[in-house]
Amino acid sequence: MTINGWIQIALFCAVVLALARPLGGYMTRVFTGERTVLSPVLASVERGLYRVAGINSAQEQHWLAYALSMLAFHVLGFLALYALLRFQAVLPFNPDGQSAVAPDLAFNTSASFVTNTNWQSYGGETTMSYLTQMLGLTHQNFLSAATGIALAVALVRGFARASANTVGSFWVDLTRTTLYVLLPLCMALTLFYVWQGIPQTLGGAVEATTLEGAKQTVAVGPVASQVAIKMLGTNGGGFFNANAAHPFENPTALSNFIQIVSIFAIGAAMTNVFGRMVGDERQGWAILAAMGLLFLAGTAVVYWAESTGSPVLNAFSLTGGNMEGKEVRFGIVASSLFAAVTTAASCGAVNAMHDSFTALGGMIPLINMQLGEIIVGGVGAGLYGILVFVIVTIFVAGLMVGRTPEYLGKKIEGREVKMAMLAILCLPLMMLGFTALATVVAAGLAGPANAGPHGFSEILYAFTSAAANNGSAFGGLSANTAFYNTSLGLGMLFGRFFVIVPALAIAGSLAAKKTVPASAGTFPTHGGLFVGLLVGVILIVGGLTFFPALALGPIVEHLAGGLGQTFAAGG
Amino acid sequence: MLNQLRPALVLLIALTALTGLAYPLAMTGIAGAIFPAKAAGSLIERDGKVVGSSLIGQSFTSDRYFHGRPSATTAADPADATKTLPSPYNAANSSGSNLGPTSAALAERVKADVAARQAENPGRPVPVDLVTASGSGLDPDLSPEAVLFQVPRVSKARSLSEDRLRGLVEAQVQDRLLGILGEPRVNVLALNLALDGLGSK
C-alpha cells in the first residue's frame, strides 16, 4: 500500500460526495415533475410519448398497478430481446457475421439484461452483432436502470406521503428518468470516453500486421455509447469479453476514474433524493454514511490483500503485489478500488479479473454482493435495498426498548417487517440454494476452471452475482452451458422481482398510513447511533447467513495458500 | 393487465428506438466528426499499412524487441471448433487467465517465466507485471521497471549501448495523470516503433 494509493481512494470518495447533493437536487426535481434546465428541449418529447402511449401523466397508480405496469413492461422487453438474439444473423449492422445466439444463452442473456444484472455467459466480440449490442443491450441498459430508479422513487413516496392511495406512475417515472437523467448524462460521457480513446464506429474488425509480421484482428464497434450507460446505470455488461479491463473499454487512468465515479454517482445521489423527498436531508446522509462505512472497510481489505499478494507467487523472486489479471495502467490500487465499487454498487463491470485476486481480496467482492447490494447499490435498487434493512433495524431497535417502532413518522408494523424479511431472505435462498445444487450435480461440477476451494468460490460467486443482479464473475467458470445458463437466469429473475414486489408492497402500505408526530420517545434516525445500528444489522444478517459458505471457499483457500499449498485442475 | 399493454408496448418501442438506435447512431456520427482517429480505434499506420492500435498490445517474441506482458487470450482450434488454442494478444477475443491464487498451473507458469527472465538478468528480482497475465490479455503497457529489466537483452540483440536504450525508454515513460491517477507506464508498441526508428538512422 502506498500514500499515492490512499490519495487515489480519497479523491474518489471526495468526488462522489461532492456530486451527491447537486445531482440529488436535480433528480428530485425530475421525479416530482418540476421544470428543469432541460425542460425546454425535452418537455415536448415527453408529452408526445405520453400521447402516443395513451398515458395520462397526472394519473397516479396504486402500488399493485405500479407493479403490474412494471412487470408488463419487462415481459415485453424480455421477449423482444430474446427474439433479437435469436434472429441477429439475418438482421443488419452485423459486419463480422455473428450467427444466431443459442436458445439457452439467449434466455440467460435476456434475463441478465432485463434484470440489470448483465451477467455475460458469452464473449461480446465473438457473439453479438452491433445491432444486438445497440438495440438489445444498450437499450436494456437504459431501461433496467430507469426501472430501478423508478421503483426506489415509488418506495420513497411511500415514506414521504401520508394517508395516500398511490405511489406515483410507473410510466411517468420511467420516461422522465430515461429522458432527463440517463440520456443527457450518457451523451456527455460518450464524447468524453471517445476523447479518451474508446472506439465508436460501425466499421467491422480491423486487420493489422504487427511489427513482427503477424496478423492481428482488432475488434472495434460502437463501444463508447454502451460503456457510458453500462457504468452510469450500474449495468456492467461489457462490449468485449474482458469488460473494462479491455483497453478499448477503459483506455486510461482518467477514463477509469470517471467510470467508477459514474458507477456510484446516481446511487449516492439517490440517498439525497430520499432525504429531500421525506423533508429532512439528514436522513439521506445517515444512510449514505452507513453505506460509506461498509464501503471503506471493504476497499481497505481488498487493497491490503492485493498489495500483499499471494504467498504462492511471492515465493518466487518477484517485486510487487498481485498483478495476475490486472492492467498496468490501473495497477493495484485502481483495480482494488474498482473491484470494491463495482460489487458494492451492483454494477458488475470489472477492470481486473476477480478470479485471479488473492483469496481475501476476492472474498470482499463476494461479501459486498451477499450483503444484498446495499452499499450504494444498483441505481435505485441500492436505495430500496437498504430501506428494507432500515425497516428491520428500526424493528430491532423497537424490540430493544419495547415500543412500536417508527421511521420518519410512520409506524413500522407486522406487514412491513414481513415484507422486508421476504425481500431479505430471497437472496440467500437463491445464492446458497443454487450453489448447493451445482456442487452435487455433474453439470455443475463441470464448470469450475480452478481446483480445490477456489473452484467452489467460482460457483458461489456466480450464483451470488446472479441473484444480487451484479453480473461480475470469477470468469474461469464455464457458464455457457445449459445448466448454468438456466439456473443463473432463474437466479437473476427471482433475485430481482422477489425483492421489487415486496418493496412496492411496503411502499403501498406506508403511503396509506398516517404520520405520527415525533415525540420524546422517538428514536432519531439521522445520528451516529442509528448509523451504527444499521451497519450492525446488515453485518449480522449477512455474516450469519454467509459465513459457512465463505469458510468453504475463500477462507480455507487463504489458509491453504499461506501454507504454500496449490491445487492442480483435473488432478 | 390488458390496459397496461398499450403503454408498455408503445413505450418499449419508442424508448428502444431512442436509446437503442438514435442514441448510439447519433453518438457515432458526432464522435466520428470530432475525434475521427480515436472513434476508429486509434490505429497506427507505418508505410501506409496498419500495424496495430496504440491502445492494444501485440505479441513480441524476438530478442530485438521489448516484450509485453504474458497474454492468456485464445483462439478457436482450426482443426476442432470446440477446442481453443493459446493465441497471445488475440484482439478479437480478449480474456485473462482466470487462474486463482492457489492454482498449480499459475504457480508453474510464473516459476518458468521467472526463470526465463532471470536468465537475461541473473540475480535480479523480476518486476511482477512482466510474468503475470493481464486482465484483457491485450495490455499495451509495462511498468518502467519491467521495460528497463529487458534493456540488457535488447542491447545485445541490436548492438546498441544500454545507456542509449535507457534514454529511449525514459523518454517513453508516461507518468501518473496530474501525478495522482493511475500508474507510471510505457506503451510497448510505441517504444518498439521508436526502437525501429533508432535502428534505421
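B:Tyr89 is located in the loop between strand S4 (80-86) and H3 of chain B. In this predicted model, the phi angle of B:Tyr89 is near 60 degrees, a positive value in a residue other than glycine. Most residues other than glycine have a negative phi. B:Tyr89 has 24 other C-beta atoms within 10 Å and is therefore classed as buried, the cut-off for that class being 20 or more.

A positive phi, of about 55 degrees, is also found at A:Phe93, which is not a glycine. A:Phe93 occupies the loop between helix H3 (63-87) and helix H4 (103-114) of chain A. Because A:Phe93 has 18 C-beta neighbours inside 10 Å, it counts as partly exposed. Thus B:Tyr89 is buried, whereas A:Phe93 is partly exposed.

Chain B is divided into domain 1 (2-39) and domain 2 (43-199). The centres of domain 1 and domain 2 of chain B, taken over C-alpha atoms, are separated by 39 Å. Contacts between the chains involve 92 residues of chain B and 107 residues of chain A. On the side of chain B that touches chain A, two or more residues come from each of several elements, including helix H1 (2-34), helix H2 (36-39), strand S2 (49-53), helix H3 (104-120) and helix H7 (188-199) of chain B. Strand S5 (126-127) and strand S6 (141-142) of chain B are also among these elements. H1(B) gives the most to this side of chain B, with 22 residues.

The largest nonpolar core has 211 residues, of which A:Leu155, A:Ile391, A:Phe463, A:Ala503, A:Leu504 and A:Ala507 touch the most other members. The element that gives the most to this core is helix H6 (residues 130-160) of chain A, with 19 residues. Domain 1 (2-39) and domain 2 (43-199) of chain B both give residues to the core, so it lies between them. Apart from this core lies another, of 31 residues, with B:Tyr65, B:Ala107, B:Val154 and B:Leu195 among them.

Within chain A, the axes of helix H1 (residues 3-31) and helix H7 (residues 170-196) come within 9 Å and cross at roughly 140 degrees. At that angle, H1(A) is therefore oblique to H7(A). The crossing of H1(A) past H7(A) is right-handed. On H1(A) the contact is made by A:Met27, A:Val30 and A:Phe31, and on H7(A) by A:Asp173, A:Arg176, A:Tyr180 and A:Val181.

A:Leu533 and A:Ile394 are 139 residues apart in sequence, while their C-alpha atoms are 8.9 Å apart in space. Not counting residues up to four places away in sequence, A:Leu533 touches A:Thr393 and A:Ala397. Because 19 other C-beta atoms lie within 10 Å, A:Leu533 is partly exposed.

Conventions. Residues numbered from 1 in each chain as written. Chains lettered and ligands numbered in written order. Predicted model: local features only at pLDDT ≥ 70, side-chain atom pairs only at ≥ 80, totals over all residues. Core = buried A, V, L, I, M, F, W, Y, C linked by C-beta atoms within 7 Å. Buried ≥ 20, exposed ≤ 12 C-beta atoms within 10 Å, placed from the backbone. Helix = DSSP H or I, 4+ residues; strand = E, 2+ residues; numbered from the N terminus. Domains from an automatic or database assignment. Axes fitted to C-alpha atoms, helices over the stretch in contact; angles between N-to-C directions. Parallel < 35°, antiparallel > 145°, perpendicular 65-115°, else oblique. Left-handed = near helix turned anticlockwise from the far one by under 90°. Contact = placed C-beta atoms within 7 Å.
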